[in-house]
Every structure is written in C-alpha cells, then in structure tokens.
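Take a look at the model below.

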Amino acid sequence: MAAHLTPLSSPEGKGDPARWARTLYTHEAQREGRPGGPNFKPGHARVAAAAASRALRRALASRTLGVAEALPARGRVAARIEERMALAIALVRGTMVVLVFAPQLPALLGRARLQARPRLALAGGLAAAGEAAWVLYRVRRRGAITSDTDWVTTDVVFSLLLMLLTSRSVAPDQRNAGLTASLSFTLSSAGLAGLGLGRRPAGLAVPFLLALGWTASVWPDVSVKLISDCLGYVLWYVACALMGRGFRAMAALADRAQAEAEAAWVTAAEQRHLAELAREREQAFRAIHDELLPVVDAVAQQRAEDPRLPAVARRAAAAARDLILGRRSFAEAGLGALLAEVRDEYLDYGLELSPWGGAIEVEPPPELARAVAAATREALRNVHKYAGNLNDITLHAEVTEDGGEIVVRDQGAGFDPRSVTGRGGFARIYPALQRWGGGVQVLSAPQLERGTEVTIWWPAQAPSAPDETSALRVAVPSTAEGAAEEQVRVWRLRAAGLQRFGQKLARRTGAWVSAQISARQGWAGNDGRGKAGDPGRRRRRP
Amino acid sequence: MTAEAKPAIQVAVVEDHEITRDGLVARLHLAGYAVVAQADAVEAIGEAARTLPRPPQVVICDLNLRLPGRTPGRSGAEAIRYLVDLGCAVLATSGVATPDEVLDAVVAGAHGYLEKTASSQAFVRAVSALAAGSYYVTPALAESLLKDAELRPLQQDELTTQARTALRYFARGNTADEVAAKLGLVPGRLTALLDRVWDAARRRRRRYALAPREREVVALVAQGRSHQEIAAQLGISQPWVADLLAHIRDKYLATHPDASPTLSPLAAAHLSAADLGIGVRHAT
C-alpha cells in the first residue's frame, strides 16, 4: 500500500493525500462518534438506526465515501426485514379469520347453536375476513408498518367493533364461550400495534383499550379466564414490540456493516485507480520528457544531421511504445529488465526490433537470467553482423514453470549454424547455459522460409539448488507460501517413494507369477534371474 | 518477386497523416501494387469505390483517423467495419495501438495488423496474404490473441491446441508458410484454422466486452454519480441501472479471477473504469 501511495505525493497528485486523510477521518468519526461505535447500546436501536442511516447518507452524499445514494432511504436489509415482519403479522391475522367462523360450526353440524343472532355473527365473520384481506393488501402495497400508523389504529378500532358485534350476537350467559373464537383475531391486533407503534404512548394504550373492550364484551359472563385474556393482549403487544425492535436494530447494524464494506471497497478501488494513474502519469512524463522531447526538439531545430540522433530516436520510440502497450520495463527487475537492456542496446545499432513479447511468468535464478541475457545479446549481435536485414526482428520470451525459451528471429539472409557451436561468441556462452541444463538451437534455411531463428532454452529449474541454503529453507519455511511449497515437496517425495515401492512390488509379483506359471507348465528351465522363494517351490513339484 | 510477375493487386490507403500516407503509397508503388485510392477518411474510399469497376482488393487503414481540426468521420473499429462492408480485405495499421484496440480491429473484420514502422517487405507480404484471402499475423497480434484467449475463456468452441500452437509459432516470428509446415498443414487449412481463431476472438468480445450502455454507466460511476443521477441521465429506471451494474460486476469477475467474489457492483464499476482508463472523478 505504501508503495502505491508514494506516487500520490508527486506534484501531479498534490491534492490527493489530503483527500485520503479526509476520507479516513470521516470513516473514523463515523465509526466512533455516532451510532454503532463503542457507545452503541441496543436500547437506542431505533434512534441509532435513524441516526446511522442519516449520518451515512450525509457522509455518502458528500461523496467522501463514494457510495452516494446507493442506499435507499432505509437500508436494504432494514427494508426487507420491515417487509417480512409486516407480511408475517398480516398472514397471522388472515389465518385467525378461520377461528372467527368457529362458532358457526355446531349449527352446521346440527347441534345447538351458541349464537342468539346467527346473522349478526356471520356478518362479523365476513367483516373480519374483509378486514384481514385489506390488511394483507395494504401491507403488500406499502411494505412497512412503522411508516403507516393509520391502519394500525383502524385495525384496533375494528377489533373493538368486532368484539362488541360478536358480543351482541351471543346470549349474555354464553358470552365467555361464544366470544373465545374471536379472541385470537383481536390478539393479533395487539401484536400488530406492538410492531407498528412500539413504545409510542398511543401504542401503550392499545393493549389496555383492547382488554377493556374485551371485558365489556364478555360482560356479564365473567370468569377467571378474563384475567388470562387481558394478559394475552399485553403479552402479545410486548412480545411483538420487543421482537420488532430487536429485528430492526439488527437490520440497521447489518445495513451499516454492508454500507461500510461497500464504501471500503469503493475506496480501495479508487485508491488503486489513483495509484495506477499516478504511476502512468509518471511513466508518461518520463517517456515524453526524458526520451521523446529531446528528439523532437533536435529535429525541430534542424539538428537532424547529428549522428547520434537515429539511435536516440529509436530508443525514445521504443520507450513510448512500451508505455502505450502497458509494458513495464521501467520498473521491472530480473530477466525482463535484462532483456529490455539488451534490446535497447541493439536498437542503438539500428535493429528494427519490436518490443519484446511473450511473458515471464517465473523469474529464473539471477545467474541463469544473466546467462540467458548474454546469449540473447550474442544472438542479436549475430543478426546485426550477418543477417543483412535489420528490419522485422522479433525478440520473444516465454518463461513458465516448465522452463524457458527466448526466440530471436530475423528475416535476413540466414547464417551458418556451425558458427554457433564453433568459435563464435556462443562458445563462451554455451557452458553457462549447459550448467542449467539448457542450450541454443539455431534454425535457418532450409527449415525456414528465410532468415534465422535462434532459440535459447532451458528446462524447469528446481526451486533452488540442493545446497545448504535450501536445507535451511526446508527447515524454516518462513511464510505460508513457503510452508505450502514445502508440503508439496514432501508429498512429491512420498509419491515418488510410493511409486518406487509400487514398481518393486509389481516387479516381484510379476516375477513370482511368471515363475508359478512356468512351474505349473513344467518348464524346468527358468530364466534364472534371482528369485528368493522360487527354487524351493520348484523343488516341491515334480 | 518482381513487380511484373505480380498481378496488379488493387490497393487503397486510408491514412490521415499526409507524410505517412505518401511514404506508404510510394512503397506500395515500388512493390508493384496498383494504388487505386488514397484518402484521409474511409468515407472517401466508399465514394471512390463507386467509380471504380470493383472495390479495392486490399485497404490499408489507419486505426486512428481523428486528427484534430478535421470533420469527425469513422475511426478505429468502426472504420474497419465500413471497409469490410464495402467488400475489401482490410489491413489495419497504426503508429502504435494497444492490444485492445488491435483486437477491436480484428473483431471488426481486419485480417491483419501492422505497425507503421514495419518494413516495406512486411507490408508487401501482408498485402499479398490478404489479397489471397488469407490473414497476416504478426508476432504482436498472435500474442494479443493468445493473451485474449487466456484472459477471456469461452464456454464452447474454444481454441484447439493446434490453433494455440499455431499462434505460439506466429508469436515467435514464424511466417505463415513456416507455421503451416510445422503443423503439417497445407496453407488453405491454416487459413481455415485462422478463420476459427478470428471467430473465437469475435465471440470473446461479444461475451466479455462491456456493452455501450454498460460503458456509459461505468463512465458515470467513475464521475461519482449516484444510481438516481445515472438513471436520470440515461433515461432509464433505477433497477435497470442496478442490473447493468450487476452485469458489469459479472464481466469484471470473469476477466479478473483474482478479484474477490464479494466485490460489490459499484466497486466493480470503479475497477472497470480504471481498467478502461476512464478518468477518476476529482476530489470535491
């Protein structure tokens, strides 16, 4: 990260550190000062939720965090929770309607009916069904209860009316039994109020109002059951209020966490983006200022006859190409940097060399990289000396776990492959490559249409040479990666051991089987290769 | 390869730098080609094609035709597509183009790409290959195609091992004939192989490149616009914006296997903007 941030302090990115400081500050302030910080208590859930959402939105809208109005007015989780709770209570309420019709059952079964006025009871049941449907519809449409207190009030009033209506439909001495069916329906009304109104004074009044209405409806058929009924209203109310509050607090926290995570992501993305831009700006600055401008100036001042100009111009063009193609030869170390150096050298000699292509996925050991670069230099030197065509030369590098290849290809006259193994420059370079198990392959006509292809290759290298340094590395795998690598090595060794054992077993078994077969077929003469248990067995047979 | 022996292949050149164009035309003349049209815009070739008995066989077309101070015409992939529709084989060329720009040209129907610094011989080889209905694959182009295949895998009809091997040979600087010989193919079969490579590149683009609408959204996100603002500006609904962002995220994750799978759509849009080089918004 630190490395990424450094370019930001360059003149081009002057304003940026201050900006990051501000971002971090806001982030911190949000984390500690307002809701959700160490002072956060579940008791302040609602206030916290509102404040959190306000603070977040303000912070986001001021674009310090960048998520802007990605969040809806309420957090996404909060909105969903609200919706689910509302739907749940509406469905409960809908189910309770069935119970309202329960008193009709004895009449349908031909028993004595409870109600004195069945039509009135039926009307009450139908009204309850209608009201439940309306509640469901309204919940589906609005998706929340808290923001819509009117219908909670309406519902409570309806419950009270239903109680009185049912009470009038039943004979006074039957009221306790006759009304019990509608108890569940009115209980859910208390739950609804608990969820929707919470601790508002109006909300607190609801269970008492319902209990009062119930007592009046049951009157005069009062029994001990009345106490448990009235308690039911209070309990439903309290349970739903607590549940709602708990869920909402959790949802607010989840939303906050989500928003923070998102903000962090965006910040990280922006930071990477800015660092990238700064790096690119720096590269462009170098390519243009240090490389291209001097050349253009020289041409503009008609100093084109300067003998150094073509070489400088070629290098400048190569640097600009690297920049545009996104090759990072500036910063790279290792084989890539060495190859770029060799390439630049031969650009100076007038070789029309495309920027080196391919990919270096695995960095070879430094000593091998130097040997490879030397061989590449030699190949290019040969192109320069013998090819006779300095155009369209390709330098291709492909280094993977399976080994590496550098291909130098020209479209020139082609040169004698014998000069490679003979006294040429390669003679000095060969041993260095051979030490790593590599070599040089030269193709020219007739294998090729024209020109020469020099391939410098080397096989896969062991992670490191088997000396005391590797022993040390095995003993102390410093990183998780090292440990993993070590584990893989151990597995490989085990697999190899297992394989050897398997081969031995197969050999032995094979020998034994063939001995058995030959013994059974009565072939006295065996091939005579040493088999420990065989002679005895053979002796037993005639 | 003398000028007389060659059938007069009809070539056109589209290049907005006069100096470069004159140089190229002179080199083509020298190589024995009939340069039937030269212009600074593809539309002019369209005009010229109407007066000619048949459209030029090969058009060498610069990828960047937007010199300042000129009426803006088609440029880049759009220009290539225009020429391909005229029935010409197109050789794209440029001072220097990013691999993405080159691949865009390839997808638009260019059968080859050469940098302007390439030698006359290279241009001559490229033009004859294209006139013969084949492709001209430079090492750089082969490499771009290989990298593209690695980065944007296809679900079906992915490049065969043979096609990859062919591209690898091209990347090392082998000529088409050499590649065909190494693979044991007759040249016609190599062209068929390259047809499939081109087709795969086209399908890769279709699958992974951001659609124009998605690009617009990315640009607006990079400017720090909100969902609402983006929806208002593009004249679409907010859920639609969310959908587009989800697509952008999917495409980003597909091309960046290292990215976290929990990356949010908005963050993915920011990262895509960085990849596309769309400017970061300024601190307020």
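Which residue of chain A does the side chain of Glu178(B) meet in a salt bridge? It is Arg409(A), with an N to O distance of 2.5 Å. Helices H5 (120–131), H6, H7 (161–171), H8 (176–183), H11 and H13 of chain B each supply at least two residues of the side of chain B that touches chain A. H13(B) gives the most to that side, with seven residues. Keep in mind that this is a predicted model.

**The interface in numbers**

Here are the totals for chain B and chain A.

| Feature of the interface of chain B and chain A | Value |
|---|---|
| Residues from chain B in the contact | 48 residues |
| Residues from chain A in the contact | 40 residues |
| Area buried between chain B and chain A | about 3,700 Å² |
| Salt bridges | three salt bridges |
| Polar contacts (both residues at pLDDT 80 or more) | seven residue pairs |

Carbon and sulfur atoms give 50% of the buried area.

**Helix H12 of chain B**

H12(B) runs over residues 238–255 and has 18 residues. From first C-alpha to last, H12(B) reaches 26 Å, close to the 26 Å expected at 1.5 Å a residue. Which residues of H12(B) are buried? They are Val241(B), Leu244(B), Leu245(B), Ile248(B), Arg249(B), Lys251(B), Tyr252(B) and Thr255(B). These residues cover an arc of only 170° around the axis, so they lie on the same side of H12(B).

What covers them? From chain A, the cover includes helix H10 (225–300). From chain B, it includes H6 (139–151), H9 (187–208), H10 (212–222), H11 (227–234) and H13 (265–276).

Key:
Residues are numbered from 1 along each chain as its sequence is written. Chains are lettered from A and ligands numbered from 1 in the order in which they are written. This is a predicted model: local features need pLDDT of at least 70, side-chain atom pairs count only at pLDDT 80 or more; totals for chains, interfaces and linings use all residues. Side-chain values use heavy atoms; hydrogens and water are left out. Helices (H or I, at least four residues) and strands (E, at least two) are DSSP runs, numbered from the N terminus. The expected span of a helix is 1.5 Å times one less than its number of residues. Buried means under 20% relative accessible area, exposed over 50%, partly exposed in between (1.4 Å probe, protein chains only). The arc is that of the directions from the helix axis to the C-beta atoms. Contact means heavy atoms within 4.5 Å. Buried area is the accessible area (1.4 Å probe) that two parts lose on being put together, summed over both. A salt bridge is a side-chain nitrogen of Lys or Arg within 4 Å of a carboxyl oxygen of Asp or Glu. A polar contact is a pair of N or O atoms within 3.5 Å; within protein, one must be able to donate a hydrogen and the other to accept it, and residues adjacent in sequence count only if both atoms are side-chain atoms.
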